[in-house]
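Visitor: I'd like to learn how to read a fold from its model. Could you walk me through it?

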Amino acid sequence: MSAAVLEGVGLSRRYGAVKALEGVNISLRAGEVHAILGDNGAGKSTLIKLLTGRTLPTQGELRMSGTFVCFAHPREARRAGIAVVYQDLALAPLMSVARNFVLGREPTTGWFRSLDLTRARSETQAALEALGVDIPDVDRLVGGLSGGQRQCVAIARALHFGAQVLVLDEPTSALGVEQTRLVLDATRRAAETGVAVALITHDLDEAWQIADRITLLNRGRSLGSFAKSDTSREAVHAVMAGHAHPGLKRPG
């Protein structure tokens, strides 16, 4: 079993009398895709905020490699190696792929520290190829890419700049079948580099395709975490519907 890179222990978040999340445990392990699965209102967005420093838990704690951490701001989480790719991607459509890739961390050259565009192109192309993403022209405007390609650029950028934990927020929600496959393949390859990947999704079929482990959320509570190798899709679906115990093993 791989080591836990990021753990949430007893995570709860309240907004006045509203319990957005209550007593959730989660363990993100190196080299695994961990699907966090639930419908709208299940608590997925709140969990993302707690894992990435956008808000503090009302109760519970975070640990990185076994050590207690407290992120008062997303910058602190990023410095610790936690990267999140949201649905809006935060990419500039009128800038090239290469310029987007190095945005905020531009390589420079010369006395006046001007942008080293040659190096930016090279780094971008190498990172995309390592992820199995085919974008031959990294001078192409991001606005001309497909939705799946944009997601892959954001994933590759996070890996290139040292992410240890990669959180993907509903990355395929607006994509067709072909583009969804592109993103899921890139997600799987990201985990194979040793990164701990959290895939936030409401789609069991999608989660089952690539996840090593699944945590189910419902109305702010965890229904359990399952190693995919120890259960079945039918059993997980039954738990989601409230008809089975989380420990149910694969039939037969």
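Visitor: In which sense do strand β1 and strand β4 pair, and over how many bridges?

Guide: First, this is a predicted model, where local features need pLDDT of at least 70, side-chain atom pairs count only at pLDDT 80 or more, and totals for chains, interfaces and linings use all residues. Residues are numbered from 1 along each chain as its sequence is written, and side-chain values use heavy atoms, with hydrogens and water left out. Strands are DSSP runs of E, at least two residues, and helices are runs of H or I, at least four, numbered from the N terminus; two strands pair if DSSP finds at least two bridges between them. Here β1 (residues 4–15) and β4 (residues 59–64) pair in the antiparallel sense over five bridges. Leu 6 stands opposite Met 64 in β4.

Visitor: What is the order of the four strands in the open sheet?

Guide: The order is β2-β1-β4-β5, with antiparallel pairing. At the edges, β2 (18–29) and β5 (67–69) each pair on one side only.

Visitor: Which residues have the most contacts inside the largest nonpolar core?

Guide: A nonpolar core is a set of buried (under 20% relative accessible area, 1.4 Å probe, protein chains only) Ala, Val, Leu, Ile, Met, Phe, Trp, Tyr and Cys residues joined through side-chain atoms within 4.5 Å. The largest has 36 residues, and Leu 128, Leu 131, Ile 155, Leu 166 and Val 197 have the most contacts inside it. Helix α5 gives the most to this core, with seven residues. Apart from this core lies another, of 25 residues, among them Leu 11 and Phe 71.

Definitions and conventions
Buried means under 20% relative accessible area, exposed over 50%, partly exposed in between (1.4 Å probe, protein chains only).
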